[in-house]
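Biologist: I would like to learn how to read a sheet and its cross-links. Please walk me through one case.

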Amino acid sequence: FGQHLDYRASHRPITMTYFSSRIRTALPTSRQGGFSLLEMIVSTSIFITVMLVIVGALISLTDASRKARATRIVLDNLSAATDSMSRNIRMGSYFHCGCEANRFNYVTPQSCATMDAQGNGGATCIAFEPASGNPSNANDQVVYQLTAGRIERSTDGGQTFVGLTAPEIVMGDLRFFVYGTTVQVDQPSITMLLRGTATLSTKTSTAFNMQTTIAARTPNFAP
């Protein structure tokens with residue numbers, strides 16, 4: 001035959017191809033990624049719970065802010081009313097403490113003191129001569145009184161009244177204590193006591209107690 005054949009060289013590629021084919025067929029197929037139905041339900045439930053908590057907190061904050069704003073507005077109205085009363089009383093003279101059917105008696109000075117330590121006594125209305133008024137004219141007296149839970153003011157000697165406080169403010173008590181009304185002797189001093197509630201809704205109300213003492217700048221000099 002005279003020809004030398006190298007069987008190792010001829011069979012090596014066949015053997016490698018065979019084992020390579022065996023390796024490729026033995027590898028498992030890859031699994032597609034994703035979430036199961038149970039995982040989706042759990043994730044959705046957690047998300048909804050977190051959102052409910054956040055929304056509830058936002059609603060509570062908004063409601064609290066609205067109540068605080070309404071309370072501030074109501075109390076600002078009360079503060080403005082008491083400041084106006086204090087300013088007019090400070091500049092007034094010839095103070096008459098007490099409400100009477102005959103308004104012409106308002107031109108006569110009259111004191112009303114505290115009766116006991118609990119603050120009893122005084123009166124729920126006060127009349128006085130304004131800074132630019134005429135003591136002999138009964139139709140220019142300034143009168144403050146409590147009517148149906150509201151503070152009212154008159155500038156014509158008690159003939160007509162207008163409300164000073166907002167409807168949301170319910171005055172439980174308004175009391176004046178007046179000292180030193182003797183003409184040409186004393187310097188008038190007036191203590192004003194206010195009690196009530198600021199009602200914002202059927203469920204929200206704020207109680208308040210205020211007291212202030214005013215010394216009249218104008219002595220009771222005879223005209």
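Modeller: We take the sheet, then one glutamate, then backbone angles, then disulfides. This is a predicted model: local features need pLDDT of at least 70, side-chain atom pairs count only at pLDDT 80 or more, and totals for chains, interfaces and linings use all residues. Residues are numbered from 1 along each chain as its sequence is written, and side-chain values use heavy atoms, with hydrogens and water left out.

Biologist: What is the strand order of the sheet, and how are the strands paired?

Modeller: Terms come before the case. Helices (H or I, at least four residues) and strands (E, at least two) are DSSP runs, numbered from the N terminus. Two strands pair if DSSP finds at least two bridges between them. Here an open sheet of 5 strands has the order β1-β2-β3-β4-β5, and the pairing is antiparallel. β1 (93–97) and β5 (162–163) stand at the edges with a single partner strand each, so one side of each has no neighbour in the sheet.

Biologist: How many bridges join β1 to β2?

Modeller: Antiparallel β1 and β2 (residues 125–129) are joined by 3 bridges. C97 has I126 of β2 as its bridge partner. β2 and β3 pair over 4 bridges, again in the antiparallel sense. There F128 has V142 of β3 as its bridge partner. β3 and β4 pair over 5 antiparallel bridges, and L146 stands opposite I151 in β4.

Biologist: Which strands does helix α2 lie across?

Modeller: Axes are lines fitted to C-alpha atoms, for helices over the stretch in contact (heavy atoms within 4.5 Å). Angles run from 0 to 180 degrees between N-to-C directions. Helix α2 (residues 37–90) lies across β1, β2, β3 (142–147) and β4 (150–154). The helix runs at about 145° to β3.

Biologist: Is E129 buried or exposed?

Modeller: Buried means under 20% relative accessible area, exposed over 50%, partly exposed in between (1.4 Å probe, protein chains only). E129 is buried, at 1%. This residue lies in strand β2.

Biologist: What does the side chain of E129 make a polar contact with?

Modeller: A polar contact is a pair of N or O atoms within 3.5 Å; within protein, one must be able to donate a hydrogen and the other to accept it, and residues adjacent in sequence count only if both atoms are side-chain atoms. The E129 side chain makes such a contact with the side chain of Q141 (2.2 Å). The E129 side chain also reaches the backbone nitrogen of N134 at 2.8 Å.

Biologist: Where is A148, which has a positive phi near 55°?

Modeller: Most residues other than glycine have a negative phi. A148 is in the loop between β3 and β4, a hairpin with 2 residues between the strands. A148 is exposed, at 80% relative accessibility. Y94 in strand β1 also has a positive phi, about 50°, but is buried at 8%.

Biologist: How many disulfides does the structure hold?

Modeller: A disulfide is a covalent bond between the sulfur atoms of two cysteines. The cut-off is a pair of cysteine sulfur atoms within 2.5 Å. The structure holds 2. C97 and C112 form one, with sulfur atoms 1.6 Å apart. C97 lies in strand β1 and C112 in the loop between β1 and β2, so the pair ties together parts 15 residues apart in sequence. This link is right-handed, with 70° about the S-S bond.

Biologist: What does C99 join to?

Modeller: A disulfide joins C99 to C125, S to S 1.7 Å. C99 is in the loop between β1 and β2 and C125 in strand β2, 26 residues apart. C99 is partly exposed at 43%, whereas C125 is buried at 1%. With bonded cysteines counted along the chain, the pattern is 1-3, 2-4.
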